[in-house]
Structures are given as structure tokens and as C-alpha cells.
Amino acid sequence: MSANRTRDYDDIPGTYVFDGARCREGYALNMFCKSLDVASNRDAFRSDPDGYPRRFGLTPAQYEAIAARDWLGMLRLGGNIYYTFKLAIFDGLSMQHVGAAMSAEALDVEGFRAMMAAGGRPIVGNRSIVEQRHG
Amino acid sequence: MARIVAGIGTSHVPAIGAAIDHGKTADPYWRPLFEGVAPAREWLAAIAPDIAIVIYNDHASRFALDVTPTFALGMAETFAPHDEGYGPRAVPVCEGNPEFAWHLAESLILKDGFDLAMVSEMTVDHGLTVPLSLLFGQPTRWPCQVIPLCVNVIQYPQPTAQRCHQLGQALRRAIDSYAPDAKVAVFGTGGMSHQLQGERAGLINPDYDRMWLDRMETDPGSLAVIGHAELLREAGSEGLEIIMWLIMRGALDEAVRRVHRFYHVPASNTAYGLLALENA
């Protein structure tokens, strides 16, 4: 990455800020997800789950992440949660399913829901990578 | 003359819309939230605004990555709900007010230097419809006209908090200079701490949220100087939506009277906040 990518938010743990670099990297992936807010596109994807995503110019890694429903992998390949969530909606999943799947610790949806009901993931220890490392 | 009769800040969680649409508002999970909002609903019903300017963010619905306006004003006669993947919400189509919208655009652009995008065909997603449902219930027709003011808070670089506060102040001048009689409510939506994405998903920071709710009333200028990195860090990556409340707050007088305040965790993956204000 160029020096231009050094950001004041780079030390926030587990956070994929959707900046210009990620927007450019993830453009095709996100536009594939965006297409699923049209009912006829959802039908096309449902009837041809392997072929439909190929219309969008995805990289092989993006294609694999979509096929595997690797929610965290999609973020790492430039995905934006507001977009990738449309794929989760297509699968009938809630934001809590996706949140559980992306969480640093292994959580199922019930575990994630319980964490939220107990007040959510605490800020203490999660402000920065350094703070996280040292508690 | 047009005048501001209400300023409302509220989160716009999609699951709240689903709870309303599927008759779950009395369920144990949702009941505290809907009871907490009720006083603001009753107050707003008594005021009966003619027009609501709803400041919200689009969630990859009307706008995709092919065009990302920083501020976009809805100029249309009507705004239909967007299909976000489940089919459109079964809520009324919003009736706009193009004459007022064009007045706002001229005032904001020509007098105050805000380069708004003007949008004549615009569907609206849960960012706008959930606050309407929360505050107006499930009527067959919304009780007031709606002007959407869409803000980019999902693609970096988002506008600064300061710019949002200034836009609110300019919006106030625009409303004050509109000759026809109209009672105007301004809704700032989204926000309170939440992080939907990544390994830190589920982050909630109630102390930070309460600080925002306090200072929204008494010292919004001190919030307007907060930068994006602090918001991302303290309120979570999607908590940055809170800058939209500053547009609403900037449109009000410096001195306001708090009508109602409510805070609740959780609403799905987020903290829920509500603030109902009027000019003192």
C-alpha cells in the first residue's frame, strides 16, 4: 500500500473502513450484492448461483468468498457491510447471524444475541489494537 | 411563514421496522423500546407537523457505488419505499413537496454555498421509513409531507460533523425564509453506537452515547468538532451515522427544551437513542 493509505483509523481493531482503496478493490463484489435488491436479479441468482455472479467481473477470491458465504473474507476483499448484507438477506439471514459469523471469537447467533442482550461488545479493550493486546 | 416545531433524533434500525411490520411491538424483546418512544409519538401527534424533513442515510438502495452524493435532496412529488431485498416495506408512499424542496435547494446552494445533489426520482429505504413508522405508527397515509435529505455516511470520506452542523444552520435559514405557512419537523436519524461489521461487530458504548445525548441538548458545537477517527473508534464503524443528528440540531435554536429522551440497548445489533426537542 502507498503512504497515502496511512490513516488515523488504521489502529482500530476488527474494523474495515470503507475508504477509497476498499471501494476500488471491492467495487464488483459490492455491485453484485447491490443487484440483489431487484427481484428479477434475485430470481436469476437463485436459478443460477454459480453463473450469475460471473456477470460482475469479480476476482477469483471474491467469487470464492461469495460462494462460501465468507462474510469476513468479503470485507477483507473490499466488501462493504451495507452491500454484503444484501446477500445475507437473500439467504434469509439476520444482521445478528452475520455479526456472529464475523466476530473475533467463535459465536453462533444465539451467543451473539446473548452478548447484545447483555449490553453488547464492550468498548474497554477494543479501542485500539494496542489496547486490545494489553487489555 | 414556515417555522420549525420539532427536532427529533432517532436511530433507524431495520429490525425495528420488521418488528412493526410483523406485529411484534408488544413482544418482550421490543416492548421496552416502543414504550420508550411513545411519549414522543404522542407529542408529535399533538403538534401535527405539515412537513417532515427527514435527514437519513441510504443503505446501498437508491444510490450505489456508481454515484455517492454527499448531500442529496429529494425534489419529487412522491417517494416510494425501496426493495431492500425482502420486497418493499408495506408502508405508504411519501408525499413530497417539490415547491418547498426547490426553495430549500435555492437557499442552501445560492445563499449558503452547500452544493447539494437534487434528486427528482428517489426511492427511500429503512433509513427514512423506520423513523416515520416509529413516530407515526401504521397509517394508510403518512400524516405529513416528507422531504428526504440523504447524507453519505457509508463511504469514506463522509462529510465532517462540523459541516453537518453548519448544514443544519443553513437549513434553518432556508426554512425561515419560506413564505407559506407550514409547521416543519426536522428528523435527524441513524446513529448511536453500533458496529455491524468485522471482528469487532456488536460494539456498544453507552457512556459515549449518553455524552452525545447530553451535549446534543446543551452544547452541540462541542460535538461538531469531533473527527471521524474518534467516532469510528468510540461509537463503532456505523455509529458515525450520528453526525446526521447535528443537521437536525443545527436547524434548532441554540437554546432548546427537551421534550423526551430515551436510550435502550439492544435493538438488534445497536444501541437505540431518541431525543425530542423544541426551540426554547
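Arg76(A) and Glu199(B) meet through their side chains in a salt bridge, with 2.7 Å from N to O. Arg76(A) belongs to helix α4 of chain A and Glu199(B) to the loop between β8 (182-189) and α6 (206-218) of chain B, so the pair joins two chains. The model is a predicted one. In it, 50 residues of chain A are in contact with 42 residues of chain B.

**Salt bridges between the chains**

- The rule finds four salt bridges across the interface of chain A and chain B.
- Arg42(A) forms a salt bridge with Asp83(B), and their closest N and O atoms are 2.9 Å apart.
- Asp11(A) forms a salt bridge with Arg233(B), where the closest N and O atoms are 3.0 Å apart.
- This pair also crosses between chains, from the segment before α1 of chain A, which holds Asp11(A), to helix α8 (residues 228-235) of chain B, which holds Arg233(B).
- Asp11(A) is partly exposed, with a relative accessible area of 32%, whereas Arg233(B) counts as buried at 17% relative accessibility.

**The interface as a whole**

- The area buried between chain A and chain B is about 3900 Å², and carbon and sulfur atoms give 58% of it.
- Tyr82(A), Met116(A) and Arg121(A) supply 18% of the area that chain A buries against chain B, more than any other three residues.
- The rule finds 30 residue pairs in polar contact across the interface of chain A and chain B, counting pairs with both residues at pLDDT 80 or more.
- Several helices of chain A each supply at least two residues of the side that touches chain B: α1 (20-34), α2 (39-47), α4 (71-76), α5 (81-90), α6 (95-102) and α7 (109-117).
- On that side of chain A, the residues divide into 27 nonpolar, 12 polar and 11 charged.

**Two residues at the interface**

- Arg121(A) is in the loop between α7 and α8 (129-134) of chain A, and at 6% relative accessibility Arg121(A) counts as buried.
- The side chain of Arg121(A) reaches the backbone oxygen of Ala201(B) at 2.8 Å.
- Not counting residues up to four places away in sequence, Arg121(A) touches residues of both chains, including Ser103(A), Glu105(A), Asn126(A), Glu199(B), Arg200(B) and Gly202(B).
- Gln155(B) lies in the loop between β7 (145-151) and α5 (161-176) of chain B, and at 16% relative accessibility Gln155(B) counts as buried.
- Gln155(B) touches Phe18(A) and Cys23(A) in one chain and Leu65(B) and Thr68(B) in the other, not counting residues up to four places away in sequence.
- With Thr68(B), the side chain of Gln155(B) makes a side-chain polar contact of 3.1 Å.

**Chain A**

- Chain A has eight helices and zero strands.
- Its C-alpha atoms fill a box of roughly 50 × 40 × 20 Å, taken along the principal axes.
- Of the 135 residues in chain A, 50% are buried.
- Among the contacts in chain A with a separation of 6 or more, 47% are between residues 24 or more positions apart.

**Other salt bridges**

- Over all chains the count comes to 19 salt bridges.
- Within chain B, Asp21(B) forms a salt bridge with Arg89(B), and the closest N and O atoms are 2.7 Å apart.
- That pair links distant parts of the chain, 68 residues apart: Asp21(B) is in helix α1 (residues 14-21) and Arg89(B) in the loop between β4 (78-79) and β5 (94-95).
- Asp21(B) is partly exposed, with a relative accessible area of 33%, and Arg89(B) counts as buried at 15% relative accessibility.
- Lys34(A), Asp37(A) and Lys86(A) are joined into one network by salt bridges that share partners.

**Cysteines**

- The count of disulfides over all chains comes to zero.
- Cys144(B) is in no disulfide, and the nearest cysteine sulfur, in Cys94(B), is 8.6 Å away.
- The sulfur of Cys164(B) is too far from any other for a bond, because the closest cysteine sulfur, in Cys150(B), is 12 Å away.
- Both cysteines count as buried, Cys144(B) at 7% relative accessibility and Cys164(B) at 0%.

Notes: Residues numbered from 1 in each chain as written. Chains lettered and ligands numbered in written order. Predicted model: local features only at pLDDT ≥ 70, side-chain atom pairs only at ≥ 80, totals over all residues. Heavy atoms only, no water. Contact = heavy atoms within 4.5 Å. Buried area = accessible area lost by both parts, 1.4 Å probe. Polar contact = N/O pair within 3.5 Å; in protein donor to acceptor, adjacent residues only side chain to side chain. Helix = DSSP H or I, 4+ residues; strand = E, 2+ residues; numbered from the N terminus. Nonpolar A, V, L, I, M, F, W, Y, C, P; charged D, E, K, R; others polar. Disulfide = S-S within 2.5 Å. Buried < 20%, exposed > 50% of the residue type's maximum accessible area, 1.4 Å probe, protein only.
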